[in-house]
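Hello,

Here is the structure I promised to pass on to you. Have a look at it first, and then read on for what turned up.

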Amino acid sequence: MVGIPSRHRSLALLAVVVAAQVLLLAVQIRRERQGRLIRVWSVTLISPIERAGVWTIDNIRDIWGHYAGLRSTNRENRDLHEELNRLKLRNIVLESKAAESDRLASLLAFRQSHQEVPMVAARVIGAGADPGSKVIYLNRGEHSRLKRNMAVITPDGVVGKIIEVYPEAAQVLLVTDKESGVGAMLADSRTQTPADGLGEPRLALKYVSNDEKVYVGERVVTSGQDRIFPKDWPVGSVVAAKPANPFQVIRVQPAAHLQHLEEVFVLLSQQELEPQKDAPKVTDPAPRKSAPAAPPH
Amino acid sequence: MELRASFEQHIEVHKFRNGAVISAAALALVLQAFLPIYIHRAEVLELPLLITIYFGLSRRNPSTGLLLGTAIGLLQDSLSAGPLGLYGISKTLVGYVASSIGTRLDTEHPLSRFALTIGFFALQQSVLVLTQRLLLAQVEPIFSMPMLIRALINGAIAVGLFALLDRLRKS
């Protein structure tokens, strides 16, 4: 009763005594299927606290689990992203190697199918510094017996000609250069005309009269008249042909992928070649004098 | 506050002879337990309640009044078949209220004693019924005619009994 005003002491005492007797009653009273009332009360009183405690702990555990899970998920996500990037890079490398392998296989098949033709395989090691000029550099030069005006081709078609030779490199002027050209003819009509470079991706057939029927898609091959490229080697295909004065305006899409050159062949002589169609195939040409050919470095 | 203090100073707190309270309470409990055996109609009596009321009104100390009520009620419970505390709670409240009222009302007049007894009887019954309903899940009627009759009878007896008990006071 310490600290309680005297006039409230009796009231406090009343409360205590009544509460004690209520508890006393609760201890004695037994309810059906619920046990003693004090137990019912205790359970009723404690169970919400326990329930709240369990709920709180469960939620905390849940939140912590989510948090920890998110942390690990975040870390895992970061790791997976890194792994994905590594795999992407590896995939690019493998795709590149696969493409290179295909290219090399194609080149090898081409080379094997033309063993009688002296040629040197070379790798493109650079391009011209001048954007206006269409030149490339090869990793082969004088030491590989390369000389000026030698034809450079791929299994797809003509590429250009060597304009400068160095001991271990050579400069090639692509057929698309403004100063370049190749003796060509329409494959179907056999109409001969030079295919000149325009300094752009396409070539121009400048001297085809309006009487000649030229259709889009018609193949253009080398005529052999320039004494650089062998006859009947693919130059490209007509993509546009319009009548004009005095000659038709014809544009040709080069057959060789000049924008993506990586390996090429340099013909050491203007010997005729059997053009490859779609897939490289080994032909059985008449035996001729073969010349050694070195693989690209 | 000063008026109230002055009023309370003039309230007479009755003293009783040594052992009078205990003896009266014990006698009331004994009679309450044994009288119905011989006199069936004595069941209507609530002698422990009357003792609680009387000494509560006379002593006019709420603490002692409620403790006396508690003691009498628990003893009454112990003599009955019901759970301990049922009468204990009700008589605790009666003792407290009686002691509290005793400081404010004239409790010497027979009529007021009659009326107060009926009121305390109703209070005890209310607390009993409430306790039974809340704790024992027993639905007892709050009011009934036999209960009213019991209240009136106990009120009437209280007038005579209280006059007898007045003789135990110290002069």
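One definition before we start: a residue counts as buried under 20% relative accessible area, as exposed over 50%, and as partly exposed in between. By that scale A:Phe247, with a relative accessible area of 32%, is partly exposed. Please keep in mind that this is a predicted model.

**Where the two chains meet**

Let me begin with the interface. On the chain A side 16 residues are in contact with 21 residues of chain B. Together the two chains bury about 1500 Å², and 74% of that area is on carbon and sulfur atoms. Which three residues of chain A supply more of its buried area than any other three? They are A:Leu14, A:Gln21 and A:Leu25, which supply 34% of what chain A buries against chain B.

Two helices of chain A, α1 (6-28) and α2, each supply at least two residues of the side that touches chain B. The most comes from α1(A), with twelve residues. Sorted by class, this side of chain A has eleven nonpolar, three polar and two charged residues. Between chain A and chain B there are zero salt bridges, while three residue pairs are in polar contact.

**Salt bridges**

Within the structure as a whole, over all chains, there are ten salt bridges. In general, side chains of opposite charge can pair when their charged atoms come close.

In chain A, A:Arg190 and A:Asp232 form one of these bridges, with the closest N and O atoms 3.0 Å apart. A:Arg190 sits in the loop between β8 (181-186) and β9 (192-197), and A:Asp232 in the loop between β11 and β12, so the bridge ties together parts of chain A that are 42 residues apart in sequence. A:Arg190 has a relative accessible area of 38% and is partly exposed; A:Asp232, at 26%, is partly exposed as well.

Chain B has a salt-bridge network that links B:Arg60, B:Glu108, B:Arg113, B:Asp166 and B:Arg169. Two of its bridges involve B:Glu108, which is partly exposed at 30% relative accessibility. To B:Arg60, the closest N and O atoms are 3.8 Å apart. That pair links distant parts of the chain, 48 residues apart: B:Arg60 is in the loop between α3 (47-59) and α4 (62-79), and B:Glu108 in the loop between α5 (86-102) and α6 (110-135). Is B:Arg60 buried or exposed? At 12% relative accessibility, B:Arg60 counts as buried.

In the bridge between B:Arg169 and B:Glu108, the closest N and O atoms are 3.0 Å apart. B:Arg169 lies in the segment after α7 (145-165) and B:Glu108 in the loop between α5 and α6, so this pair ties together parts of chain B that are 61 residues apart in sequence. B:Arg169 is buried, with a relative accessible area of 14%.

**Aromatic pairs**

Over all chains the count comes to eight aromatic pairs. In one of them, the rings of A:Trp64 and A:Tyr67 have centres 5.4 Å apart and planes at 40°, so the pair is tilted. Both residues belong to helix α2 (residues 37-113) of chain A, and being three residues apart there, they are separated by about one helical turn. A:Trp64 is exposed at 54% relative accessible area, whereas A:Tyr67, at 42%, is partly exposed.

A:Tyr207 and A:Phe247 make an edge-to-face pair, because their planes stand at 85°, with ring centres 5.6 Å apart. They link distant parts of the chain, 40 residues apart: A:Tyr207 is in the loop between β10 (203-205) and β11 (219-222), and A:Phe247 in the loop between β12 (234-242) and β13 (249-254). A:Tyr207 is partly exposed, at 47% relative accessibility. In chain B, ring pairs join B:Phe16, B:Tyr54, B:Phe55 and B:Phe162 into a cluster.

**Backbone details**

Most residues other than glycine have a negative phi, and most peptide bonds are trans. Here are the places to check against that. A cis peptide bond joins A:Asn245 and A:Pro246, with omega about 0°, and A:Pro246 lies in the loop between β12 and β13 of chain A. A:Arg145 has a positive phi, near 70°; A:Arg145 is in the loop between β4 (135-138) and β5 (151-153) of chain A and is partly exposed, at 44% relative accessible area. A:Asp232, the partner of A:Arg190 in the salt bridge, also has a positive phi, near 65°.

Best wishes

Terms used
Residues are numbered from 1 along each chain as its sequence is written. Chains are lettered from A and ligands numbered from 1 in the order in which they are written. This is a predicted model: local features need pLDDT of at least 70, side-chain atom pairs count only at pLDDT 80 or more; totals for chains, interfaces and linings use all residues. Side-chain values use heavy atoms; hydrogens and water are left out. Rings of Phe, Tyr and Trp (its six-membered ring) pair if their centres lie within 6.5 Å; planes under 30 degrees apart count as stacked, over 60 as edge-to-face and the rest as tilted. Helices (H or I, at least four residues) and strands (E, at least two) are DSSP runs, numbered from the N terminus. Buried means under 20% relative accessible area, exposed over 50%, partly exposed in between (1.4 Å probe, protein chains only). Contact means heavy atoms within 4.5 Å. Buried area is the accessible area (1.4 Å probe) that two parts lose on being put together, summed over both. A salt bridge is a side-chain nitrogen of Lys or Arg within 4 Å of a carboxyl oxygen of Asp or Glu. A polar contact is a pair of N or O atoms within 3.5 Å; within protein, one must be able to donate a hydrogen and the other to accept it, and residues adjacent in sequence count only if both atoms are side-chain atoms. Ala, Val, Leu, Ile, Met, Phe, Trp, Tyr, Cys and Pro count as nonpolar, Asp, Glu, Lys and Arg as charged, and the others, Gly among them, as polar.
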